[in-house]
Amino acid sequence: LDGPGHRIVVFDYEGNLLTTFEYYSFIYVMVHFKSPVQLGFSSKGELFVMQALRCNIVAVDAKGNFLRIFGAPGNIVGSFQRPLGLTIDDLDRVYCADFVIGSVQVFDDQGNFLHVLTDKAGEQWDVGNLMGIAVDPKRIYLTEIMANKVTARKFVK
């Protein structure tokens, strides 16, 4: 992932350059990636690329062909202000951490908004400046960059 270069660079296991993705085709127009910051693979081999400045996620196939796009700048659910963390669980749900909003939104692999992660009382988690995110079968791990900490929380998928 080459964020400043606005591209995805693919190497083999020996470190040899295989290819780069700088553009994706969207409605017959070639669109340049803009500040890709995180990526993740679904169980189907689809690559999800989080674009921080465009506030969206682009899904492409293994050859870089456009599949779909979701998210947009905004304050409502399903939109982002500064998405910086992305991970995909074993059920192909896409978890997106927003640095500005301090929320984790969950989407299915087609880009449909499912929910925002909340505590048992239904309140949004009190986290801020989210930079990274990872999940395992029982926990979610959140990196809060300004607080210099990683938080592990139990959750039910």
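Analyst: Two strands pair if DSSP finds at least two bridges between them, and strands are DSSP runs (E, at least two residues) numbered from the N terminus. This is a predicted model, in which local features need pLDDT of at least 70, side-chain atom pairs count only at pLDDT 80 or more, and totals for chains, interfaces and linings use all residues. Residues are numbered from 1 along each chain as its sequence is written, and side-chain values use heavy atoms, with hydrogens and water left out.

User: Which strands stand at the edges of the open sheet, each with a single partner strand?

Analyst: The open sheet has 4 strands, paired antiparallel in the order β9-β10-β11-β12. The strands at the edges each have a single partner, so one side of each is left without a neighbour in the sheet. These edge strands are β9 (83-88) and β12 (113-116).

User: Which residue stands opposite Pro-83 in β10?

Analyst: Let's follow β9 to its partner, β10 (residues 94-98). The two strands run antiparallel and are joined by 5 bridges. Across from Pro-83, β10 places Asp-98.

User: Is Cys-55 buried or exposed?

Analyst: Cys-55 sits in the loop between β6 (47-51) and β7 (56-60). Its phi is positive, near 55°, although Cys-55 is a residue other than glycine. Buried means under 20% relative accessible area and exposed over 50%, with partly exposed in between (1.4 Å probe, protein chains only). Cys-55 has 5% relative accessibility, so it counts as buried.

User: What is the relative accessible area of Asp-92?

Analyst: Here is another non-glycine residue with a positive phi: Asp-92 has a value of about 65°. You will find Asp-92 in the loop between β9 and β10. Asp-92 is buried, and its relative accessible area is 8%.

User: Which strand gives the most to the lining of the second largest pocket?

Analyst: A pocket is an open set of points on a 1 Å grid, with protein on both sides within 12 Å along at least five of seven lines, and lining residues have an atom within 4 Å of a point. The closest to its centre, of the 11 lining residues, are Ile-8, Val-10, Phe-21, Phe-41 and Leu-47. At least two lining residues come from each of β1 (8-11) and β5 (36-41). With 3 residues, the strand that gives the most is β1.

User: How many residues of the lining of the second largest pocket are nonpolar?

Analyst: Asp, Glu, Lys and Arg count as charged, Ala, Val, Leu, Ile, Met, Phe, Trp, Tyr, Cys and Pro as nonpolar, and the others as polar. The lining includes 1 charged residue and 1 polar residue. The number of nonpolar residues is 9.

Terms used
On a 1 Å grid over the protein atoms alone, a cavity is a set of points where a 1.4 Å probe fits but cannot get out, and a pocket is an open set with protein on both sides within 12 Å along at least five of seven lines; lining residues have an atom within 4 Å of a point.
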